[in-house]
Amino acid sequence: MRPLPNWLWLLLLVGFSGPSLAQEGLSAVTVTTNADGSQEYSLTLQVLALMTALSFLPAVVIMMTSFTRIIIVLSILRQAMGLQQSPNNQILIGISLFLSFFIMSPVLDRVNNEALQPYLAEEITSVQALERAEIPVRNFMLAQTRVKDLDTFLNIADIQVDSEDEVPLRVLIPAFVTSELKTAFQIGFMLFLPFLVIDLVVASILMAMGMMMLSPMLISLPFKLMLFVLVDGWNLIMGTLANSFGLGAG
């Protein structure tokens with residue numbers, strides 16, 4: 001995993017686009033000397049764009065990585081087991097975040113080696129670094145995006161492309177998110193089935209015994225927990241989520 005400063009730089013390189021990075025380097029403050037000898041200080045447009053882009057970092061992490069699929073699957077799993085607050089939201093988000101770091105590590109390594117390090121060494125400009133950083137991220141999203149979803153947003157935007165490399169990010173990102181939602185719900189459905197069977201069996205037994213006032217969820221919860229532990233559920237869930245992306249996609 002890359003150190004935190006490198007990770008922030010990676011997000012900035014991926015999340016930036018536009019003429020604000022057309023010049024080489026970022027001049028934080030401009031000092032203007034007036035005729036009377038006084039000085040005025042002003043921020044440049046590049047720094048203003050940089051500060052604005054910081055507010056998009058959470059959206060970049062959530063919508064352009066594996067985070068969306070992971071958090072939805074874990075939330076459905078918690079609901080299927082009948083656990084309302086355990087694991088709580090903070091734990092689920094933490095698990096999703098660090099598992100996303102693990103899954104995205106090949107992509108981040110390519111961005112770091114091909115874009116970030118040459119840019120920090122002043123071998124390439126910020127625009128060139130952005131173009132290089134976009135390639136592995138784009139390849140990752142394209143590998144996880146369904147053709148149907150991509151065609152849908154291309155038709156909505158009325159854009160004709162000859163190859164996937166020509167798909168703009170403003171079309172690729174919503175198509176990628178749509179595909180991630182569908183995949184997450186498909187995985188969640190498969191996880192829900194065994195726990196649903198346990199609920200049905202317990203409810204049928206309770207009705208046959210005439211225990212109408214006893215909640216089936218209360219009785220089935222220990223059996224669902226036992227089943228999940230016996231099959232080593234967390235190992236299966238984490239391994240399935242990681243393998244569903246393919247670590248070589250980046």
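**Entry 1: a pair in helix 6**

I began with E134 and R138, which sit 4 residues apart in helix 6 (residues 126-144) and so are separated by about one helical turn. Helices here are DSSP runs of H or I with at least four residues, strands are runs of E with at least two, and both are numbered from the N terminus. The side chains of E134 and R138 meet in a salt bridge, at 2.7 Å from N to O. I noted the cut-off: a side-chain nitrogen of Lys or Arg within 4 Å of a carboxyl oxygen of Asp or Glu.

R138 counts as buried, at 9% relative accessibility. The terms work like this: buried is under 20% relative accessible area, exposed is over 50%, and partly exposed is in between, with a 1.4 Å probe and protein chains only.

**Entry 2: what kind of model this is**

I checked the source: this is a predicted model, where local features need pLDDT of at least 70 and side-chain atom pairs count only at pLDDT 80 or more, while totals for chains, interfaces and linings use all residues. Residues are numbered from 1 along each chain as its sequence is written, and side-chain values use heavy atoms, with hydrogens and water left out.

I then looked up confidence. pLDDT is the predictor's confidence in each residue, from 0 to 100. The protein's mean pLDDT is 78, and 78% of its residues reach 70 or more. Where is confidence lowest, and where highest? It is lowest in helix 1 (residues 4-15), at a mean of 47, and highest in helix 4 (residues 67-80), at 91. Residues 1-12 have pLDDT below 50; beyond near neighbours in sequence, this stretch makes 25 contacts in the model. Residues 14-26 are also below 50, and that stretch has 22 contacts beyond near neighbours in sequence. A contact means heavy atoms within 4.5 Å.

**Entry 3: the overall plan**

I counted elements next. The protein has 10 helices and 2 strands. Along the sequence the pattern is α-β-β-α-α-α-α-α-α-α-α-α. Of the 250 residues, 38% are buried. Among contacts with a separation of 6 or more, 69% join residues 24 or more positions apart.

**Entry 4: other salt bridges**

How many salt bridges does the structure hold? It holds 4. I looked at R110 and E114, whose side chains meet at 3.3 Å, N to O. They are 4 residues apart in helix 5 (residues 89-120), so about one helical turn separates them. R110 is partly exposed, with a relative accessible area of 26%. E114 is partly exposed too, at 32%.

I moved on to K224 and D199, which form a salt bridge at 3.3 Å, N to O. This pair links distant parts of the chain: K224 is in helix 9 (residues 216-230), D199 is in helix 8, and they are 25 residues apart. Both K224 and D199 are buried.

**Entry 5: the core**

I looked for the largest nonpolar core and found 44 residues. Such a core is a set of buried Ala, Val, Leu, Ile, Met, Phe, Trp, Tyr and Cys residues joined through side-chain atoms within 4.5 Å. Residues with the most contacts inside it include I70, F140 and L241. Helix 4, helix 5, helix 6, helix 7 (147-157), helix 8 and helix 10 (233-245) each supply at least two of its residues.

What does I70 touch? Leaving out residues up to four places away in sequence, I70 touches S96, L99, S100, I103, L241 and F245.

**Entry 6: along helix 8**

I went back to helix 8, residues 169-208, where T183 has its place. T183 is buried, with a relative accessible area of 14%. It touches R69 and R146, not counting residues up to four places away in sequence.

I205 lies in helix 8 as well. I205 is partly exposed, with a relative accessible area of 46%. V197, V201, I205, M209, M211, L214 and L218 form a nonpolar patch on the surface, with about 630 Å² of accessible area together. Helix 8 gives the most to this patch, with 3 residues. Patch residues have over 30% relative accessible area and no salt bridge; like charges are joined within 9 Å, and nonpolar side chains (Val, Leu, Ile, Met, Phe, Trp, Tyr) within 5 Å. Accessible areas come from the Shrake-Rupley method with a 1.4 Å probe, and for residues only the protein chains shown count as cover.
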